[in-house]
Each structure stands twice: as structure tokens, then as C-alpha cells.
Amino acid sequence: MLWKLSLTGIKSRFKDYLILFSGLVVASMIFYMFLTIAINPSFISHDVSASTDYLNFTFAFGIVLLVLITFVYLINANSLLLSMRKHDYGMFMSLGAKSRRIGLLIFLETLITGTLATIAGIILGFGLTAIVSQLLITKLNLQITHFVVIYPQAIGWTLVFFIFMFFWGAIHNVRKLTHTPIISLLKEDQKPAKLGHHPVRLAVEAVFGLLLLGAGYYILGLPLGMFLLIIPGALITIVAGTYFIFNAMCISVINFLLKRKKFSYRGLRIFTLGQLKFRLHDLTKILTIISLLFALALGAITVGLNFTTLKDLANESIYYDNIVVSSSPAVKKEVAKLHVSSEQTYHYKESRKNLYFMRDELKKQPLKDKKAYLAGHEPRYKTVNLALSQLDKPDTHANNAFSSLLGSSKKIKMVSRSGWRSLSGKRHFLSLLSVKDFEQDYPAMLKIQQLQLKENPHYINQFNESKPVFYQLISNFSSGFEFMGFFLGLAFLTMLASTLMFKVLSGAARDQIRYQMLYQIGARAQVLRTSIKNELGILFLLPAVLGILDVLFGLKLFRILLPNPYHHLWIPFTIFIVLYIGYYAITIKLYQRIVLPEQEKAKEKKQALA
Amino acid sequence: MTEILRVDQVTKTYGKRGEKQYQALKGINFAVNSGEFVAIMGASGSGKTTLLNILSTLDKPTTGHVFINQQDNSSLNANQLADFRSKQIGFIFQDFNLLENLTNRENIALPLTLQGVPASRIDPLVDRITSRLSITQIMNKYPAEVSGGQKQRVAAARALVHEPAILLADEPTGALDSKSARELLDTMSDLNINDSITTLMVTHDPLAASFASRILFIKDGKIGEQLLKQELPRREFYHQLIEHLGAEV
Ligand SMILES: Nc1ncnc2c1ncn2[C@@H]1O[C@H](COP(=O)(O)OP(=O)(O)O)[C@@H](O)[C@H]1O
Ligand SMILES: [Mg+2]
């Protein structure tokens, strides 16, 4: 009997239930994907280069963040579940159901909902993992032979984590419900909120909040040497500052606006302000968390995308695009495919201690190099000629640069053409290529290097600092970060926005009565809609504004890793804000559908209340 | 005497065609003149709330017409209806229907701000009605901080602040203790007599009904006979009403 009641209860709020359920599915799907990619052995230990250690590290870091946010998210989802079912449970109990049976019902309902969502998420996660890993493999130019999408260990851990969370949530729900008097279960929705804030205390807290936030931003700008102080210091001050700003400052501002009657006595403004005041008070903690998550998510995307600038760095900091030292037919065939724009070839003879060059050849085709300088804070590179006269002078810049192109520590000697001919020793050549478009020819150039290495593994000394190798290193590193930042950012955004959405929607039943009253005293539907848009708009805007500020100041920390963390800031910001606004729009739609019922639905509700 | 409200052959059937249908109102006819205090009395389930929702334009009759100030409600679109409600009608409900996130003053000001009354004129209008209802002391409190009787006065102030053509009340004393109920009814009667506020109240409570100048009886969705107070003192009108009800059974 109770089961039947329980099912009908769920059916009556099916749409809300569906939102919650799909939120949980998405959470477990993302979690599974992350875990699979992170712990899949064929991804971690492959043969391309050591730079995947970074990838490994970034994924581990990502998982920690993901566990944290999933935790917060699940707690909120659980409280939404509880608030949705509270009234029903209260009714069952008032009908005489034993609280132990109800307890069991709640427990199983929470656990079953959670487990089903997790399983659905994992199954969908297979698909997501397949797509994302493919993207990752092509992006990183990895050669992976047996990456498995269905990875039992990841399935296991995802199930363990989620079911543990739901188990815990279920116990929490049971305790909460069976210790609440039935009457407040039934009437929870009408419980008036209390705001016992003294204006002076409010003002003091508001100023305090601003000071703390300011201090946090100041700390973020401290010299990076104080790194160990910066992170905890900034975290504490910013969290506390954000909390007080929501709890005191925003409420003070609303009180101020309410007193300015020229402003507030217009249309539904007093109502919107009153709603906001109570909402902000209720949601202070959540909004604080959300603004931090917003900062993390936006920061992750910004930093992730910024890592691509490292690739430009690789491209700009090395002059020659490729080095060719072998004249085997296979290599020649590949070189012929390149879009070469210039080619400089030098011949030399190798003795036991020395490398002999023809001065002539080097004079005709001067060696070039890139030289770093600072333009403001940004490192830039300019092309310079290596001085011919210094090439054979040990410990000069020109000599060092030339040696590294040759991959040898032997002495460089300059001789005349005729003198060179008469020298004995092994003959070599060094061909330095520039191509029209590095990115376009990059795969071919990597292949040329691999072909040459196959002929003689010794060449590695020479290629170590070549552009393709450096570029590959940086691009693995940065693509890993880029991908990670982007994906974590999106995962965070999804969860933080749904957390806000859940919070708003879980109070919707209570708000519905309010909108009903406004409708009764003659507020036009359009006026109600506008009021909702404004109210929720501000609710979404506040954590976003603080989150954006956090990111703007927080990016300073990445000066260590990135040449210019603020480069092309508008790209990640635009992507992120557009998605966030999308969430806002969806929340409005769902909320309006609940609180602004059709004429017919409105009557039913009234009848039920009467 | 001008006619404020006219109800003409109103029926209301719940349930869509093809589904189980229930006719809650079966042809209601009556009129209320300006300055009258009319009570519609009936048992629970007799259709009182249904009728009041139709009068207040929150719901549409299945057939028939409602005229307020000679205006046919059915000829108005949704926005016109909203404007009509905000100008012509004042409501009091059993469960107060105050917005608990607004102070009492803000609650009362709301109908005026919705109508676009200039901000400078709002507070004087609010002050006038609240001193008339003796609730000036609690204006800066929230509804949750005052008693049920006071809440209902705030609701009454909100219903009257914009000087509607008619005050509609649905069991206004239903959630009050008997002392607060008496006080509210005294006030409503006082407002009716001294401020000529046209009032239509639905109730199942004979005591509440006895404060009216005319009582209509509703039963099974139909209006039966009516009882006029004429020059009787309220107490005697009450006894007459009880006798009348006793004879019915
Ligand atoms: N939305 C509705 N759908 C179906 N039946 C309804 C609805 N509203 C009211 N009724 C029925 O109409 C009758 C009159 O209800 P109502 O007007 O609320 O009575 P009262 O207010 O006098 O107690 C009742 O039998 C009730 O069950
Ligand atoms: Mg009723």
C-alpha cells in the first residue's frame, strides 16, 4: 500500500523528479568518464613521451576537485529530493503509517533513485568516454592501441562513491524526517522565515565582508615566493568575505532600496526585493559555495585554454622548423612532401675532438636564432643572426646555439673551403628547414625525425631541442591541461548551475502560493514573469560577479606556469557566460512552469488549499 | 441605489467533457446594491468558494454572466481582468493570504504599487486605512510576527486601500478565535455602515452572517430564499437566523 502511495507521489511530481534524476545521471556520467580516462593504464603508461606524467597529475588533481564538487552537488540533490517528498511523507504519517515503515520507505526511495541514476550514468558514461577519449587521443597525437571504454575498476569506484553518498544521504533523510513533527512536515512550506538582523550589525558585517574580500584579492597579488601563504590565506579571506557579502551586504543594499520608496513603490519591486532578501538569507552558504565553484570552473576553463599559448611559445622561441641530417631515400621522400620555404645546408667533417666547417658556407647562409626579450610582462622573441666570428669561440651564445643544433660537445672549427677538402674525418651535413606553416607540416616533420632516429638513435641529441620535439612536449602538456580545464570547467558549471537550479526549484512549491496571491490582487501575468526574471537573475548574477572577480585576481597565481594568464580572456569568459545564461534561462522556464500555473492548475491548487 | 454586482444565470461544471463532471453551481441569480452588506451562507461543499472565485474573476463561469459596475466580466481578456481585479475588487480570505516576505506596510502598499499610483501618494493612503483599522502599531512587522486577528486586519487593509467597488470575503473569520472574529466582523460592519463599503461575504457561520444586512442561502449550488435584517438589532437578527436554519432541517 505504502509503495503504491510512494509511486503515485513520485508520479505527481514527475517532471521535478526527472530534472533531479537527469542531474544525477549527468553527475555520475562525468565522474565515470573522468575516472576511466584517469586510471586506464594504457592511457597513462604509453610510449610517446614523459610529458604524460603531467597528464597523469592533472587527471589526479581533476579527480580530487571532481569528488569535492560532486559531494556538494549530491548533498544538494538529496535535499531537493527530501523537500519534494516531505509533504507526502508527512501525509502518510498523519494517515497513521508507522514511522519505522516510513523510514524504510524514505531510505529505499533515496537509495533506489540514487542507484538507478548512477547505473544509468555509468552506461551513458561508456559513450561519453568513447567520444572524449577519441578526442583526447587525436588531440594529443597519442598512439593508443587498447584503451578500454568499459573499465571495471572505474565502474566499481563510481558505484562505490555514489552509492556511499546516497546511502549516507538516505540515512540523513530518514533521521531528518522521523525526527520532525508531522505537522511541520505538512506545513513546512508555510513556515515563515525570520530575519532578526539589527541594521548596525548588518552594516558592520557588510564592511567586514568587503574588507575580507579586498584582503583576499590583495593576497592573491603577493609575490609568488610566498605561495604557501597565498593559497590558504586567500582561500580563508575570500570564502569568509563572500559569505559576509551575501549575508550582510546584499541584504543591507536591499533594505536601503526598500526604504527608497520612489524606487521600491513601483510595480512588483517591493515583492521582488522582499523575496530576494529572504532568499539571500536562506541561501547564503549555498551562494558562497556557488560563487567559489563558479570561480573554479571559469578559472579552469580560462587557464586550460590559456595553455595553448604555450604552443605559440614553442613555435616562436625556436627559429628552425626542422633538422635533417640523413639523406636516405626514405627521409628524402618525406622531406619532399614538406612545404619548405627556406633550406640551409652545412657540411662538416668530424674528427675525434673537432667538427670542421667551411667558413664560406656559414658566411653565405648566416645561422639564425631567436632571442627572448620582455615586452611589458609578456616574453617576446626576435630573430637574430649568430655572429660568424663567434661560432668557434667557446662559451659564446653563438657557439652554444650552434653546438646544440649539432647535438655535440666537440669543438667547432672554421676552415677555408680548400683546407676543409684536405681534412680527413667522417663527412656529415646539417640541413635546417623552415616551412610555410608549422602546424600544417608538424606531423610530417615528426615522422621525418622518427625515420632518422630509426637509422641512428644517436641523433636524439641533435633533435632534443628541435622545434617538433619541443612542440610535441608542450602540446601534450598543454592539451592535457586544456582538455582538463575545459572538461572540469564544464563539469563544475553543470553541477553548480544545477545546484542553484535545484535550490530555486525546491522552494518553488512555497513560492507558488505567493504568486497565486499576487495574481488574485490583480498582478498581470507579464508583471509576474518579469518579477521572476529579475529575482532569479539577481540570484544568478551575484555569485557570478564575485566568481568573475575571484578569477580575475586568481589568475595572477598562474604567472608561474603561463607566460600571460590574462591572454585572450574574453574567449573562455564568453563560452562560460553563455552557458551560464543558458542555465539561467532553463531555470526560469522550469520555475515559471511551477509557480505560474495555468488557470486550470491554479484552481485545483486553490481547491486543495481551501 | 446603484447596482454594484449582478449575477445572471451562472452555472459552473467541474471536469472536462467526457470525464466525470460535477455541477457545483446550478443557475445562480442575484444582485448587490451599492452600500449593501450581503452574506451568502451555506454548508461546506455548497459552492460558496466556487461562486466567490467566479465573482472575483479568478475563475470563469461555465454559462451565465457576472457584471460588476455594469461591466460584463466575460468580455475582458486576461490582462484586462487583472487590471479589473486590481482596481475594482478587494479580497479577504480565510487564510489571510499575506505575503510573509513583506512587512505589513509593504503588503498593504502592494495593490497601489501594482496600479502605478505615484510613490509619494502611497504612504498617506496606507496610513489612512491602517489608522481606520487600528493597526498602525504593527506596520513595520512581518505578518508572521502578529496575531491572526491582526493579520486579518492587515488583509482587510490591503483589500480596501485602493477603494475597490466591492469587498469580497471568503470565510474571513474561519481561522480566527471567537474574540478576534467578533472584532473583525464589528469592523466590517462599521466600515459598511460608516464608510459605505459594499461587502459580499460567504460563510457557513451563522454568527458571521448575522452581521450582514441581507443573507442569501446557498444549497447544492442554488440560491434559495433570502433573509433581510431590516431594522432589527443584530442579536435578534441572529436569533431569527438560527430559527430559520432550525426550520430548514
Ligand atoms: N476544482 C474542482 N474540481 C472538481 N470539483 C470541485 C473543484 N472545486 C470545487 N469542487 C467541488 O464543488 C463543490 C463546491 O465546492 P466549494 O465551492 O469549495 O464549496 P464551499 O466553499 O461552499 O465549501 C464541492 O463539492 C467540491 O468538491
Ligand atoms: Mg470554501
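Predicted model: local features only at pLDDT ≥ 70, side-chain atom pairs only at ≥ 80, totals over all residues.
1. Conventions. Residues are numbered from 1 along each chain as its sequence is written, and chains are lettered from A in the order in which they are written.

2. Chain A as a whole. Chain A has 23 helices and seven strands, where helices (H or I, at least four residues) and strands (E, at least two) are DSSP runs numbered from the N terminus. Of the 610 residues in chain A, 50% are buried, meaning under 20% relative accessible area with a 1.4 Å probe, protein chains only. Among its contacts (heavy atoms within 4.5 Å) between residues at least 6 apart in sequence, 82% join residues at least 24 apart.

3. Extent of the interface. Contact involves 33 residues of chain B and 30 residues of chain A. Together the two chains bury about 3100 Å², with 59% of it on carbon and sulfur atoms; buried area is the accessible area (1.4 Å probe) that two parts lose on being put together, summed over both. B:Glu100, B:Asn101 and B:Leu114 supply 19% of the area that chain B buries against chain A, more than any other three residues.

4. A:Lys261 forms a salt bridge with B:Asp123, and their closest N and O atoms are 3.1 Å apart.

5. The side given by chain B. The elements of chain B that give two or more residues to the side touching chain A are strand 1 (3-14), helix 2 (78-88), helix 3 (104-115) and helix 4 (119-132). Helix 3 of chain B gives the most, with seven residues.

6. A residue inside chain A. A:Thr587 is found in helix 22 (residues 570-595) of chain A and is buried, with a relative accessible area of 0%. Leaving aside neighbours within four places in sequence, A:Thr587 is in contact with A:Met501, A:Val504, A:Leu536 and A:Phe540, and its side chain reaches the backbone oxygen of A:Tyr583 at 2.8 Å.

Notes:
Heavy atoms only, no water. Salt bridge = Lys/Arg side-chain N within 4 Å of Asp/Glu carboxyl O. Polar contact = N/O pair within 3.5 Å; in protein donor to acceptor, adjacent residues only side chain to side chain.
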